[in-house]
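Dear colleague,

I am passing on the structure we spoke of, together with some notes on what turned up in it. Please have the sequence and the model open as you read.

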2 protein chains.
Amino acid sequence: MAFKTDIEIAREARKKPIQDIGAKLGILSDALIPYGHDKAKVGQDFIASLADRPDGKLILVTAINPTPAGEGKTTTTVGLGDGLNRIGKRAAICIREASLGPNFGMKGGAAGGGFAQVVPMEDMNLHFTGDFHAITAAHNLLSAMIDNHIYWGNDLGIDERRVTWRRVLDMNDRALRDVVTSLGGVSNGFPRQTGFDITVASEVMAILCLAADLDDLQRRLGDMIVAYTRARTPIYCRDLKADGAMTVLLKDAMQPNLVQTLENNPAFVHGGPFANIAHGCNSVIATRTALKLADYVVTEAGFGADLGAEKFMNIKCRKSGLAPDAVVLVATVRAMKMNGGVTKADLGAENIAAVEAGCTNLGRHIENIKRFGVPVIVGINHFAGDTEAEIAAVKAHVAAQGAEAIVCRHWADGGAGIEEMAQKVVDLADSGAAEFTTLYPDEMPLFAKIETVAKSIYHAAEVTADQKVRDQLAAWEEAGYGDLPVCMAKTQYSFTTDPTRRGAPEGHSVPVREVRLSAGAGFVVAICGEIMTMPGLPRVPAAETIGLDLDGAIDGLF
Amino acid sequence: MAFKTDIEIAREARKKPIQDIGAKLGILSDALIPYGHDKAKVGQDFIASLADRPDGKLILVTAINPTPAGEGKTTTTVGLGDGLNRIGKRAAICIREASLGPNFGMKGGAAGGGFAQVVPMEDMNLHFTGDFHAITAAHNLLSAMIDNHIYWGNDLGIDERRVTWRRVLDMNDRALRDVVTSLGGVSNGFPRQTGFDITVASEVMAILCLAADLDDLQRRLGDMIVAYTRARTPIYCRDLKADGAMTVLLKDAMQPNLVQTLENNPAFVHGGPFANIAHGCNSVIATRTALKLADYVVTEAGFGADLGAEKFMNIKCRKSGLAPDAVVLVATVRAMKMNGGVTKADLGAENIAAVEAGCTNLGRHIENIKRFGVPVIVGINHFAGDTEAEIAAVKAHVAAQGAEAIVCRHWADGGAGIEEMAQKVVDLADSGAAEFTTLYPDEMPLFAKIETVAKSIYHAAEVTADQKVRDQLAAWEEAGYGDLPVCMAKTQYSFTTDPTRRGAPEGHSVPVREVRLSAGAGFVVAICGEIMTMPGLPRVPAAETIGLDLDGAIDGLF
């Protein structure tokens with residue numbers, strides 16, 4: 001039997017009108033702002049009216065370090081949402097929006113896979129409801145206002161060499177990484193070197209995802225540092241009076257988007273900050289709204305648990321007051337084998353020893369999640385080639401850690417394939433076992449926060465940094481930013497800064513090469529390795545084969 | 001009594017659900033793709049189903065050369081649509097979408113004014129339904145693919161010095177007019193000098209507005225010339241294989257947007273190409289759709305009749321097969337006075353002599369429109385300070401030209417203030433008097449086409465151009481582009497290329513400084529003077545005072 005592709009399955013979805021999906025959560029039709037018949041934004045007045053309601057239970061789906069074998073974190077998030085609905089619970093999922101640019105590089109996109117997907121998949125991978133375009137516009141308005149301020153006399157005394165605010169586009173365009181602007185003479189301004197990042201790397205994106213409401217959004221936008229004077233005094237977005245207009249541009253984008261799973265269950269898809277130089281979680285406003293409307297909310301965080309779950313806990317939850325009631329850690333037998341040293345070509349053969357060796361990675365993540373005081377359960381995302389003995393090996397390893405592993409077959413069977421896990425998650429979340437705590441207190445010095453994450457989560461022996469980096473952190477503490485959490489920017493493939501070191505290495509050194517202050521988003525980024533904020537296109541971009549087929553359907557995008 | 005501002009009037013509008021507006025034209029709810037409750041796109045399948053229906057009558061609203069006194073072309077277009085509905089006709093209007101960027105420079109926006117407006121005004125001046133964002137994305141995808149092609153080996157042999165395709169943003173950002181990209185070393189590509197235009201200046205915008213359907217859109221996108229080889233062989237968008245992916249990005253944007261007037265009559269708002277380096281009319285697909293659904297369709301073209309109406313006739317109508325049944329030429333007493341030499345400060349005083357002197361400008365436009373074989377009627381957009389004697393002077397001048405002038409009070413009174421004009425327009429359009437003809441045949445040489453427009457419409461004595469310009473035109477004729485119409489890029493303030501020369505000058509010289517080929521849109525641009533394709537922000541941008549007020553309403557945008 002030939003398997004259907006994700007897009008074939010998505011196109012066969014029997015979507016319900018989005019008003020029917022909203023009704024499942026008690027959202028009246030009037031509170032939904034439709035974008036087509038299968039997408040809607042949830043109105044801000046309605047959201048404000050929910051404030052006094054109790055919250056449902058929050059479940060975080062995270063994963064082992066990603067390998068080329070694939071782990072299926074989003075797929076499991078979607079499947080678990082369907083599974084919870086299937087066992088009679090009022091449940092919703094919260095995931096991130098997709099960036100447009102990368103779709104034209106590699107075939108990709110997709111929100112979930114197999115029979116655990118969110119639809120309309122094509123719209124979600126193209127313009128969707130325009131949120132990212134609004135972020136691009138707001139970001140670039142500020143950029144234009146900075147250069148315009150300098151052009152008209154520079155009353156604020158901006159040092160043109162110290163403008164840190166760049167421009168953004170939602171496009172993979174390496175030619176824009178490093179540019180000189182304002183050439184061409186007097187009427188075009190003062191030439192200076194700058195560049196473009198991809199929109200998801202914008203601090204505006206991080207802010208949209210952390211802001212409680214429009215007031216908080218504007219305050220945070222105003223707080224962003226965009227440049228320095230010659231005397232190194234920071235120039236804030238607010239000094240340029242750009243925060244109000246930016247908020248106007250983001251007014252609609254701040255409202256969470258509602259779509260549906262293949263099984264017609266509600267899915268909030270909102271925001272999509274980079275998981276390296278930002279925190280990589282969907283928006284706080286979407287998660288909060290979902291918690292007011294559903295009894296169980298399943299969400300996820302970017303990359304593996306060492307980066308994604310850590311930032312979810314230490315940044316998103318700390319800053320918003322959210323607290324997870326349970327964590328599902330996704331693993332696959334195949335990924336365990338790769339962590340155990342097997343190459344992708346050899347994944348087809350049963351290899352118990354490799355599975356056992358690779359489980360050290362899984363075990364480390366289990367141990368890490370427990371540090372946050374939240375109960376964890378492992379979901380084995382089932383692949384057709386997994387053998388009983390391999391699955392048993394994973395289960396045994398997890399059991400030895402005092403946790404449980406459940407095989408999940410949502411990819412092949414939808415919600416019906418993940419009922420056992422859904423029931424376990426309900427039990428775990430309802431047990432009241434969670435005693436959420438962040439990993440470090442606000443008042444810990446910034447460098448010590450970095451060390452705490454590196455030693456507790458990565459099992460590193462030390463953190464190294466130049467005096468310049470340490471001085472910068474000290475200067476920010478002096479300026480009142482010492483209580484911010486740290487946002488680690490590190491490879492997602494390893495607990496170390498070397499992407500090839502799988503398993504559960506320890507005793508390594510974590511070099512902090514650079515630190516950046518996101519004063520509006522509210523974190524200090526610690527860059528441990530190369531961070532690419534504007535991707536390029538491959539030799540043969542997917543765009544070359546993307547087009548409309550004879551029936552007007554999109555071809556080549558997935 | 002204090003007058004209400006446009007935005008106050010717009011906010012008090014009693015909008016009907018967009019489905020009710022569609023129903024007035026027989027559009028079923030299923031054929032409308034809602035964007036909120038007051039905006040929708042008309043589905044392409046529905047549009048395709050209309051092909052065999054007869055067309056309604058097409059009325060073009062154009063104007064005298066604009067003066068700082070204001071003439072009210074869009075206001076009259078909207079008012080006339082309401083007036084036609086008021087006298088019992090099934091009528092719709094077709095206007096252009098607003099560009100986002102300029103709103104952050106000067107207070108502005110607004111679609112119409114007074115009691116002749118289209119709503120929702122705020123959305124229309126912000127992201128609306130995302131069409132311009134889609135154009136930005138499609139344009140910049142092609143830009144990225146060009147540099148990416150060069151980066152990976154440049155199989156097409158693109159001469160990096162001869163890349164004509166730039167990038168776009170919907171933002172007033174002078175710093176981006178002239179930039180060097182791909183700095184920073186090997187991984188960022190080959191440095192070259194290029195720049196950004198504002199999105200409305202993109203050839204993609206012109207194409208979206210001229211394409212008959214998605215197939216035609218893709219064909220035209222493929223036809224765009226983006227660069228040349230060292231041997232000056234053109235490189236087409238199609239050579240980069242970008243046309244398919246661009247079409248996918250523009251798929252939704254190609255569907256016309258439906259909104260409503262203050263009086264709940266249907267308004268199609270779609271596309272907005274620059275009126276200088278492009279043709280400045282709303283989309284062909286919107287106009288065609290409206291003609292299939294309404295008995296009378298009122299549309300407008302950019303700038304005064306010498307530029308706007310000329311391009312509407314010679315480009316939009318020629319290429320689409322559309323033909324206007326009547327033209328309404330908008331004038332104001334105040335603008336006649338300014339054309340007659342009065343300064344803005346002195347507009348308050350009655351000045352019959354100045355009105356009479358200024359009517360030469362109006363008279364020239366009447367004469368010009370008759371050259372296209374279409375009957376014309378003058379609409380005097382009434383201002384409170386106009387005196388009876390001044391109005392009588394305009395009417396007498398127009399009558400002497402064999403036409404009629406009607407006072408229109410739609411600004412103050414909505415559709416009720418323009419009923420007389422509405423009835424006259426119906427009579428004129430139904431009379432069958434129109435025998436539309438373009439000004440020149442396709443087969444006329446390109447330079448002769450420029451001369452024809454300059455001499456017939458501008459009453460110039462000659463067109464001057466360097467040999468280089470003439471050679472370029474000859475080369476394009478050789479390459480098969482000789483049958484294209486010309487798109488004149490000239491100041492809108494005068495029949496000459498000097499913006500200060502009002503009235504009806506003649507015998508002047510029109511210098512063609514540069515010519516550009518828009519091979520996909522299908523015209524040759526003749527640039528007669530300075531053309532700004534990326535505006536800047538003023539010393540105190542409107543953005544500084546734009547924000548949300550305490551009630552969450554947008555403040556400072558209008």
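This is a predicted model: local features need pLDDT of at least 70, side-chain atom pairs count only at pLDDT 80 or more; totals for chains, interfaces and linings use all residues.

To begin with the interface, 64 residues of chain A are in contact with 64 residues of chain B. Chain A and chain B bury about 5500 Å² between them, and 67% of that area lies on carbon and sulfur atoms. On the chain A side, A:Trp152, A:Arg174 and A:Val248 lose the most area to chain B, although together they account for 11% of what that side buries.

As for polar links across this interface, there are 29 residue pairs in polar contact, and the count of salt bridges between chain A and chain B is two. One of these salt bridges joins B:Arg167 to A:Asp173, with the closest N and O atoms 2.8 Å apart. The elements of chain A that give two or more residues to the side touching chain B are strand E1 (32–34), H6, E8, strand E9 (179–181), H9 and strand E25 (547–548). Of these, H6(A) gives the most, with 10 residues. When the residues on that side of chain A are sorted by kind, they divide into 34 nonpolar, 19 polar and 11 charged.

Helix H9 of chain A deserves a separate look. Which residues of H9(A) are buried? They are A:Asp243, A:Gly244, A:Ala245, A:Met246, A:Thr247, A:Val248, A:Leu249 and A:Leu250. Because eight of the eight residues of this helix (residues 243–250) are buried, H9 of chain A is largely enclosed by the rest of the structure. The cover over these buried residues comes from both chains, and it includes helix H6 (131–151), helix H7 (203–210) and helix H8 (214–223) of chain A together with strand E25 (547–548) and strand E26 (554–555) of chain B.

Turning to salt bridges in general, the count over all chains comes to 52. In one of them, A:Asp197 pairs with A:Arg166, and their closest N and O atoms are 3.1 Å apart. This pair links distant parts of the chain, 31 residues apart, with A:Asp197 in strand E11 (residues 196–198) and A:Arg166 in the loop between strand E7 (158–163) and strand E8 (167–169) of chain A. A:Asp197 counts as buried because its relative accessibility is 11%, below the cut-off of 20%, whereas A:Arg166, at 24%, counts as partly exposed.

In chain B, the side chains of B:Arg220 and B:Asp216 meet in a salt bridge at 3.1 Å, N to O. B:Arg220 and B:Asp216 are four residues apart in helix H8 (residues 214–223) of chain B, so about one helical turn separates them. An α-helix has 3.6 residues a turn, so residues three or four places apart point the same way. Both B:Arg220 and B:Asp216 are buried.

A further salt bridge in chain B is formed by the side chains of B:Asp252 and B:Lys251, at 3.4 Å, N to O. Here B:Asp252 is partly exposed, with a relative accessible area of 27%, while B:Lys251 is buried, with a relative accessible area of 16%. In chain A, salt bridges that share partners join A:Asp216, A:Arg219, A:Arg220, A:Asp223 and A:Arg238 into one network.

With best wishes

Technical notes
Residues are numbered from 1 along each chain as its sequence is written. Chains are lettered from A and ligands numbered from 1 in the order in which they are written. Side-chain values use heavy atoms; hydrogens and water are left out. Buried means under 20% relative accessible area, exposed over 50%, partly exposed in between (1.4 Å probe, protein chains only). Contact means heavy atoms within 4.5 Å. A salt bridge is a side-chain nitrogen of Lys or Arg within 4 Å of a carboxyl oxygen of Asp or Glu. Buried area is the accessible area (1.4 Å probe) that two parts lose on being put together, summed over both. A polar contact is a pair of N or O atoms within 3.5 Å; within protein, one must be able to donate a hydrogen and the other to accept it, and residues adjacent in sequence count only if both atoms are side-chain atoms. Ala, Val, Leu, Ile, Met, Phe, Trp, Tyr, Cys and Pro count as nonpolar, Asp, Glu, Lys and Arg as charged, and the others, Gly among them, as polar.
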